[in-house]
Amino acid sequence: MNGIRPDSIRIPPQLARISDYVDWYAARQPGVEAMVLGQERYDYARLQARVDSIARALIAAGIGHGDRVATLSTPHPDFWAIFLATASIGAIWVGLNPRYQLDEYRYIIGDSGPVLLFARTRIDEREFAGDLRALMAECSSLRRLVTLDEGLPVPAAETMQQFLQHGSTVSRMTLDACRAGVVETDPALIVYTSGTTGRPKGALLPHCGLTQCSRVQMRYWRADPVRVVNFLPINHIGCVGDLSAWCLVAGGCIVFMEKFDAAGSIGLTVSERCTVWGGVPTTILMTLSLPE
């Protein structure tokens, strides 16, 4: 890609945790863009501050090693910062697809047992307040709900701003101590299979799997700089691993697109000067069929 020789790509060291690459690049290239959505832009210094802020709030909420934290969102900077913060303190992240129906949410949450749920209350024309109320009432593991937008009110929920305020009581020493207890073989997330031969099955993916696969991928996807369009659903390994984790390990920028549109994805690739366009067969065929 771009005529770059394999031996010209600088592969970063394999760090213990996927979230460690936030600090790695914040120290080396703090002003380089890390993620973009429309006019919302995060460089690595801002991403680091956001991840640390969420991690502190998670600790203040009593989230500890091995606890599950779920997120219902589009491909959005919120999802990526929440994942990195969760994984950084040894908790395990679970992504929820906005296309799921209530019974699917019941199954995934019942199976994975998250204690905290971050969620949007409205995505496009779909309202999730009713589903969120049902999940909080029916799922015994869920203790807390944090909303990621200013949409419909949900009883007993708190906003992201309110949630983050609790983290001010957590010191840097406490945060560092929590992270020091996380080893490379600890699971960072649960990804569910498609369930073609039965109920979806949750696969535990460790930090070292994400970091090592991303470093290997750098040798094959030889873009420089790395700027990738990501419109895949957050419950899919393609979104979290192949695109987002790889881009982070490479010190690149994720350009999020909340809803796939073939022509729009090409326009975004051009306007954001992206060097990688990642999709699945369906989105690739839709894009190749464009008359232009």
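W221 sits in the loop between α8 (207-220) and β12 (227-230); helices (H or I, at least four residues) and strands (E, at least two) are DSSP runs, numbered from the N terminus.

This is a predicted model, where local features need pLDDT of at least 70, side-chain atom pairs count only at pLDDT 80 or more, and totals for chains, interfaces and linings use all residues. Residues are numbered from 1 along each chain as its sequence is written, and side-chain values use heavy atoms, with hydrogens and water left out.

I then checked salt bridges (a side-chain nitrogen of Lys or Arg within 4 Å of a carboxyl oxygen of Asp or Glu). The whole structure has 18. One joins D131 to R126, with the closest N and O atoms 3.0 Å apart. D131 is buried at 16% relative accessible area, while R126 is partly exposed at 23%; buried means under 20%, exposed over 50%, partly exposed in between.

D131 is among the buried residues of helix α5 (residues 129-138). I found that these pack against elements including β3 (68-72) and α4 (102-112), contact meaning heavy atoms within 4.5 Å.

Last, I noted a salt-bridge network linking E33, R41, R227 and E272.

Key:
Buried < 20%, exposed > 50% of the residue type's maximum accessible area, 1.4 Å probe, protein only.
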